[in-house]
Amino acid sequence: MKEADKISASEITDPAVYFNRRNFIRTGILAASAVATGFVYRRLNHPATGEIKTAKLEGVITTSAVTNAASGFRVDEQETSLENITHYNNFYEFSTDKEGVASAASGFETKGWRVSVEGLVNKPGVFDLGDLLKISPPEERIYRMRCVEGWSMVIPWAGFSLSKLLDVVEPASDAKFVAFETLLDPRRMPGQQGDVLNWPYVEGLRMDEAMHPLTLLASGLYGRALPPQDGAPIRLVIPWKYGFKGIKSIVKIKLVATQPRTTWSEYAPNEYGFYASVNPHVDHPRWSQATEQRIGESGRRPTLMFNGYEEQVGHLYAGMDLRANF
Amino acid sequence: MKDSDLRFAKLLLLVNGAVPLALLVWDQAHKRLGANPQNFLILTTGMMTLIFLVLTMAVTPLRKITGLNWLIQFRRMLGLYAFFYGCLHFLCFFSLDRGFSVSGTLSEMVKRKYLVVGGIALLAMVPLAVTSTNAMIKRLGGKRWRVLHRLAYVAAIAGVIHYYMQVKADVRKPLVFAAVLAILLGYRLITYWQRPKPVPTAATAAKQG
């Protein structure tokens, strides 16, 4: 064994080198840990992005802004980008994370989709999606969309008025409401494997609301077929109501005599009503509805009565207490 | 643990705690905060506040269980990070959501219970941050300082309730925070009950007799 005093001076690491090496290692650890933390952060907390590859829709009718202004079919405001419309979604059937719906819904299969129209109608039927879409050519409708959470978008939908479908099936005279139902398939809609809401999602409209020309059965946006995260292959859009009324991925439409149950009003009756018309004067119990965050804008803008469609739909609610029927 | 190692470990914590903020600023500058950047900023800073609050509360139980006494050295920085992200969280709300309007912020806070609860959580952290220096610990005296710093429990509990109250339907994440917090507080309760009872002195024994 070598004696301690026999170690030559040249074998002892120079303190400067030793400390440099230590600093070098520490800098490495510091950098590596920061990268690791950054990586974890990115995995847990990243906004969604991605391309939309759904098919182009053929023969979408775009009529002039002049003729559509009074009808409310075409709002003259900056449209929200396709990227934002398709990566900020409330669609709990896939994910409760608005930025996580797009990836959770990608690959959602809609082949062989059928919609049953039943209940108090003279001509009930189960429509293949293709046949249903042939009822009327798709029209471009540029609507404001106001979410009950306090944000909004402007979306160029493609579709036709729900009334055109209802005309085909001929509602019976005792039909007073229309009930809608989303697909129930926990395998294809993984969010349904949990019980955050009572599945399937159901919604409803009063007959006059359902027959209003603004009420849209939408099958596309930005001239393309609806991406899964936005309610493929067919959904409802009621521009003067909060977004949750616009039920997605519809498989059943049933005409009924009494007010149907609706998912959110059943979940929290004091927070979400059956009517759910946009109303800046009636706050959500937990937050104000007076203003909204328009996606793509900074700052908040005032929310409009009936989301700016008062002229078109105000008469439907004449004499109604909108505070009680929120 | 050697002094220089400890200093390095603290530096590690300092740098890593700032990583989420650095990435938020970077993403904001590159317009990569998604469709609703305002919300993303408010949510992320709020989440960071809760994470650091929970980490702060975890120090003492971890130290007692593992016997690694040097862990206590990180508690102050963890707590200050919680306060720092809490302030950012409020600033984001005040600027991006309320447009720097003091009256708009106050009127909204009065109307919304979850904002009141969040305000309590943040205010509870103010005296903790102010008295976090060694000089303040000395000035207050260890016992009084420890009593004051039980406000951390108020901040953490109020913070989690604040989160729970504003979630629309999916309460899983707030419940995870609540569960972790419950374990950390439960540990404290159990050790409190199991603390060694003071041995009766001659004087008290005489009184009892």
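Predicted model: local features only at pLDDT ≥ 70, side-chain atom pairs only at ≥ 80, totals over all residues.

User: How far does helix α3 of chain B reach from its first C-alpha to its last?

Analyst: The helix has 23 residues. At 1.5 Å a residue, 33 Å is expected. The model comes close to that, with a reach of 32 Å.

User: How many residues of chain A are in contact with chain B, and which helix of chain A gives the largest share?

Analyst: On the chain B side, 26 residues take part; on the chain A side, 27 do. Seven residues of the chain A side come from one helix, the largest share. By class, this side has twelve nonpolar, ten polar and five charged residues.

User: How far apart are the C-alpha centres of the two domains of chain A, domain 1 and domain 2?

Analyst: Domain 1 takes in residues 4-43 of chain A, and domain 2 takes in 47-317. Between their C-alpha centres the distance is 59 Å.

User: Which residues touch the most other members of the largest nonpolar core?

Analyst: This core holds 64 residues. Strand β4 (residues 151-161) of chain A supplies six of them, the largest share. A second, separate core has 26 residues, including F52(B) and Y85(B). In the largest core, the residues with the most contacts to other members are W157(A), V178(A), F180(A) and L236(A).

User: What does L236(A) touch, leaving out residues up to four places away in sequence?

Analyst: L236(A) is one of the residues with the most contacts inside the largest core. Another of them, F180(A), is on its contact list.

User: Which residue of β6(A) is the bridge partner of F180(A)?

Analyst: Strands β5 (residues 177-182) and β6(A) pair in the antiparallel sense, over five bridges. β6(A) spans residues 202-206 and is mostly covered, with four of its five residues buried. The partner of F180(A) there is E203(A).

User: Is L214(A) buried or exposed?

Analyst: L214(A) sits in the loop between α7 and β7 of chain A. Its contacts beyond four places in sequence include G72(A), W240(A) and Y309(A). A residue needs 20 or more other C-beta atoms within 10 Å to count as buried. L214(A) has 20, so it is buried.

User: What is the phi of S249(A), and how many C-beta neighbours does S249(A) have inside 10 Å?

Analyst: S249(A) is in the loop between β9 and β10 of chain A. Most residues other than glycine have a negative phi. S249(A) has a positive one, near 45 degrees. S249(A) counts as buried because its C-beta neighbours inside 10 Å number 27.

User: Where is F306(A), a residue with positive phi although it is not a glycine?

Analyst: The phi of F306(A) is about 50 degrees. F306(A) is buried, because 22 other C-beta atoms lie within 10 Å. Its place is the loop of chain A between β12 (301-302) and α9 (310-313).

Definitions and conventions. Residues numbered from 1 in each chain as written. Chains lettered and ligands numbered in written order. Helix = DSSP H or I, 4+ residues; strand = E, 2+ residues; numbered from the N terminus. Expected span 1.5 Å × (residues − 1). Contact = placed C-beta atoms within 7 Å. Nonpolar A, V, L, I, M, F, W, Y, C, P; charged D, E, K, R; others polar. Domains from an automatic or database assignment. Core = buried A, V, L, I, M, F, W, Y, C linked by C-beta atoms within 7 Å. Buried ≥ 20, exposed ≤ 12 C-beta atoms within 10 Å, placed from the backbone. Pairing = 2+ DSSP bridges.
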